[in-house]
Each structure stands twice: as C-alpha cells, then as structure tokens.
Amino acid sequence: QVQLVESGGGLVQAGGSLRLSCAASGRTFSSNRMGWFRQSPGKEREFVAAIWGSGGSTYYTDSVKGRFTISRDNAKNMGYLQMNSLKPEDTAVYYCAADARYCSTYGCYAAFERYDYWGQGTQVTVSS
C-alpha cells in the first residue's frame, strides 16, 4: 500500500517555473513506478510523465518534452516534477500516481488505469 500527497502547485505567469513534489508513505515506494497526470475542466485525465522505480528510465508526453523533468528520491520517499517554460495550456490539477506492476512500453506507463495509487492533486494555474 502506498499513500501519496502532492504539493507545490500554485499560480505562475507564462514562462515561469514550478516544482511539484509527491510525498509517498509505505516501505515499497522504491519498487513502484511513478507517474504524473493532469486534468483540466471538461477534459480527460492526461499523462504527463513517468519514471521507473529505480529512477533509471523516464517517459514524457510530447507536449512537455524539454520543459518538464520527472525525478525521484527513494531514500526520502519523494517524487518530483520540475516544470519550466510553463504555458497557459499547462493549467490543470496535477496528480501523482504509483503502481508496483511491471510495465515495458510507453503505452503502459501512460495509461492511468495502470496505476493503483493516487494523490489528491495539486492545482497549477499558468496566466498569460
């Protein structure tokens, strides 16, 4: 069982940066892959980024490549999403997710139904 709590959201101007944090409880966090998803009003939950349990491999949706960086510190049971060059279209509630099941493809990492554990979300608003 893993419990997740996000923090770090807020209001930022376009071009600015934010760093989201995901605090995990549970001894097995390091064996869980971790993902970040986002959801805007009226839209489906969208994959943003994911990382292996060991932190070795990362995956990003095309719209955030080169701007966002996912990372984790298993010693601290923490995950992070560094967001730079933010755009108004990045405005959404951002969710941290984790799951212990093995994934070998981008499609698996990007599927929200492949994650059992979810945080409550943190609001990110980017003004133009």
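This is a predicted model: local features need pLDDT of at least 70, side-chain atom pairs count only at pLDDT 80 or more; totals for chains, interfaces and linings use all residues.
1. Arginine 33 has a partner, though, because its side chain makes a salt bridge with aspartate 99, where the closest N and O atoms are 3.5 Å apart. That pair ties together distant parts of the chain: arginine 33 sits in strand S4 and aspartate 99 in strand S9 (residues 92–99), 66 residues apart.

2. Is aspartate 99 buried or exposed? With a relative accessible area of 2%, it falls under the 20% cut-off, so aspartate 99 counts as buried. Aspartate 99 also forms a salt bridge with arginine 101, with 2.9 Å between the closest N and O atoms. Arginine 101 is partly exposed, at a relative accessible area of 41%.

3. Which residues make up the network here? Salt bridges link Arg33, Asp99, Arg101 and Asp116. As background, side chains of opposite charge can pair when their charged atoms come close.

4. Stepping back to charges overall, the count comes to seven salt bridges. One of them joins lysine 65 and aspartate 62, at 3.1 Å from N to O. Both lysine 65 and aspartate 62 are exposed. The protein carries 13 positive and 10 negative side chains, and the centres of those two sets lie 5 Å apart.

5. Now the fold. Along the principal axes, the C-alpha atoms fill a box of roughly 40 × 25 × 25 Å.

6. A few totals for the whole chain. Buried residues make up 47% of the 128. Of the contacts with a separation of 6 or more, 59% are between residues 24 or more positions apart. The accessible surface is about 6,400 Å², and carbon and sulfur atoms account for 48% of that.

7. Last, have a look at glutamate 44, in the loop between strand S4 (33–39) and strand S5 (46–51). Its relative accessible area is 71%, which is over 50%, so glutamate 44 is exposed. Beyond its neighbours within four places in sequence, glutamate 44 is in contact with Arg38 and Gln39. Lysine 87 is 43 residues from glutamate 44 in sequence, and their C-alpha atoms are 19 Å apart in space.

Terms used:
Residues are numbered from 1 along each chain as its sequence is written. Side-chain values use heavy atoms; hydrogens and water are left out. Helices (H or I, at least four residues) and strands (E, at least two) are DSSP runs, numbered from the N terminus. Buried means under 20% relative accessible area, exposed over 50%, partly exposed in between (1.4 Å probe, protein chains only). Contact means heavy atoms within 4.5 Å. Accessible areas come from the Shrake-Rupley method with a 1.4 Å probe; for residues, only the protein chains shown count as cover. Lys and Arg count as positive and Asp and Glu as negative; His and the chain ends are not counted. The place of a charge is taken as NZ of Lys, CZ of Arg, CG of Asp or CD of Glu. A salt bridge is a side-chain nitrogen of Lys or Arg within 4 Å of a carboxyl oxygen of Asp or Glu.
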